[in-house]
Amino acid sequence: MPEGAEKQYPEKRRSRRAKMARTLRVRPSEPKDEHFEDLPVSINASREGILFKTRQATYYPGMRVFVTFPYSAPHDPMNCEYVAQVVRVDKLPNGRFGVAVNLLMTVNYSAGQQKSVGLI
């Protein structure tokens with residue numbers, strides 16, 4: 001992340017983040033956004049959010065996305081899919097972007113119940 005990025009944004013996290021490089025799958029959840037499937041790698045994650053690095057330039061604050069984290073292969077039973085909202089997009093060197101998403105709720109069903117992971 002760029003120098004001083006922590007000072008530009010107030011701390012809003014309710015849980016600790018862990019540095020981890022894991023592949024995730026991100027897709028737009030609203031029809032107004034052009035369809036894409038991005039497979040970036042996370043920088044860090046917490047119970048309520050993920051920061052990842054990507055070359056995809058179509059993310060914008062407020063955008064709703066489906067996030068599968070961690071992602072290894074289609075139909076892997078370990079995949080967990082969330083509805084998330086982009087909260088920040090930072091321009092990084094080499095044509096990359098740092099994208100922070102807030103995980104709003106899971107879309108995996110467990111005994112017919114959806115589980116909420118954060119505040120909407």
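These legends accompany close-up views of a predicted model.

**View 1. Confidence across the predicted protein.** The mean pLDDT of the protein is 84, with 78% of its residues at 70 or more. Take care around residues 111–115, where the pLDDT is below 50. Beyond near neighbours in sequence, this stretch has 8 contacts in the model.

**View 2. The largest nonpolar core, with its 18 residues.** Look here for Ile50, Phe52, Tyr59, Val65, Val67 and Val101, the residues with the most contacts inside the core. Two or more core residues come from each of β4 (49–54), β5 (64–68), β6 (81–92) and β7 (96–106). Of these, β7 gives the most, with 4 residues.

**View 3. Val101 and its contacts.** Leaving aside neighbours within four places in sequence, Val101 touches a stretch of residues that includes Glu48, Gly49, Ile50 and Phe52. Val65 and Val67 are also in contact with Val101, as are Ala84, Gln85, Val86 and Val87.

**View 4. An aromatic cluster formed by Phe36, Phe52 and Tyr59.** The whole structure holds 2 aromatic pairs.

**View 5. Phe52 beside Tyr59.** The ring planes of Phe52 and Tyr59 lie at 70 degrees, so this pair is edge-to-face too, with centres 5.6 Å apart. Phe52 is buried, as is Tyr59.

How values were computed. Residues are numbered from 1 along each chain as its sequence is written. This is a predicted model: local features need pLDDT of at least 70, side-chain atom pairs count only at pLDDT 80 or more; totals for chains, interfaces and linings use all residues. Side-chain values use heavy atoms; hydrogens and water are left out. pLDDT is the predictor's confidence in each residue, from 0 to 100. Contact means heavy atoms within 4.5 Å. A nonpolar core is a set of buried Ala, Val, Leu, Ile, Met, Phe, Trp, Tyr and Cys residues joined through side-chain atoms within 4.5 Å. Buried means under 20% relative accessible area, exposed over 50%, partly exposed in between (1.4 Å probe, protein chains only). Rings of Phe, Tyr and Trp (its six-membered ring) pair if their centres lie within 6.5 Å; planes under 30 degrees apart count as stacked, over 60 as edge-to-face and the rest as tilted.
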